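Dear colleague,

I am handing over the structure we spoke about. Please look at it before reading the notes below.

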Amino acid sequence: MIAPLLRLAVASAAARTMRNTAADIALRLMLTLGAVLAGAIGVFCFSYAGLTLLERQLDPAAAWAIMGGLYAVAGLALYLVATRRRT
């Protein structure tokens with residue numbers, strides 16, 4: 001008589017734990033997506049501001065070349081940091 005009640009209690013506790021875990025995962029996912037979106041908007045705004053300032057001094061092609069070079073260097077640095085960290 002006690003065994004079925006214990007199984008029911010264990011099952012409900014496990015279900016509650018699973019619901020709490022799912023809620024934590026959903027919260028972390030939403031916070032991560034928010035941070036990625038904020039970072040992307042920040043990069044866009046700073047890039048646009050920098051490009052505008054460069055285009056006032058140089059021709060547009062040179063400004064875009066400088067901006068592309070900066071992003072290439074940043075990408076290379078991030079790649080090197082990521083590959084060095086794994087080893």
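F44 and Y48 sit 4 residues apart in helix α1, which is about one turn of the helix. Please keep in mind that this is a predicted model. Both F44 and Y48 are exposed. The count of aromatic pairs comes to 1. In that pair, the ring centres of F44 and Y48 lie 6.3 Å apart and the ring planes meet at 20 degrees, so the two rings are stacked; the cut-off for stacking is planes under 30 degrees apart.

Also in helix α1, which covers residues 2-57, is S47. Its relative accessibility is 16%, so S47 counts as buried, the limit being under 20%. Leaving aside residues up to four places away in sequence, S47 touches M67 and Y71.

Another residue of helix α1 is L29. Together with M30 and L33, L29 makes a nonpolar surface patch of about 320 Å².

Now the protein as a whole. Its secondary structure consists of 2 helices and 0 strands. The radius of gyration is 25 Å, whereas the globule rule gives 12 Å for 87 residues, so the protein is more spread out than a compact globule. Along the principal axes, the C-alpha atoms fill a box of roughly 85 × 30 × 10 Å.

Of the 87 residues, 5% count as buried. The accessible surface comes to about 7,600 Å², and 75% of that belongs to carbon and sulfur atoms.

Regards

Conventions
Residues are numbered from 1 along each chain as its sequence is written. This is a predicted model: local features need pLDDT of at least 70, side-chain atom pairs count only at pLDDT 80 or more; totals for chains, interfaces and linings use all residues. Side-chain values use heavy atoms; hydrogens and water are left out. Buried means under 20% relative accessible area, exposed over 50%, partly exposed in between (1.4 Å probe, protein chains only). Contact means heavy atoms within 4.5 Å. Patches are made of residues with over 30% relative accessible area and no salt bridge: like charges are joined within 9 Å, nonpolar side chains (Val, Leu, Ile, Met, Phe, Trp, Tyr) within 5 Å. Accessible areas come from the Shrake-Rupley method with a 1.4 Å probe; for residues, only the protein chains shown count as cover. A salt bridge is a side-chain nitrogen of Lys or Arg within 4 Å of a carboxyl oxygen of Asp or Glu. Rings of Phe, Tyr and Trp (its six-membered ring) pair if their centres lie within 6.5 Å; planes under 30 degrees apart count as stacked, over 60 as edge-to-face and the rest as tilted. The radius of gyration is taken over C-alpha atoms; the globule rule is 2.2 Å times the number of residues to the power 0.38.
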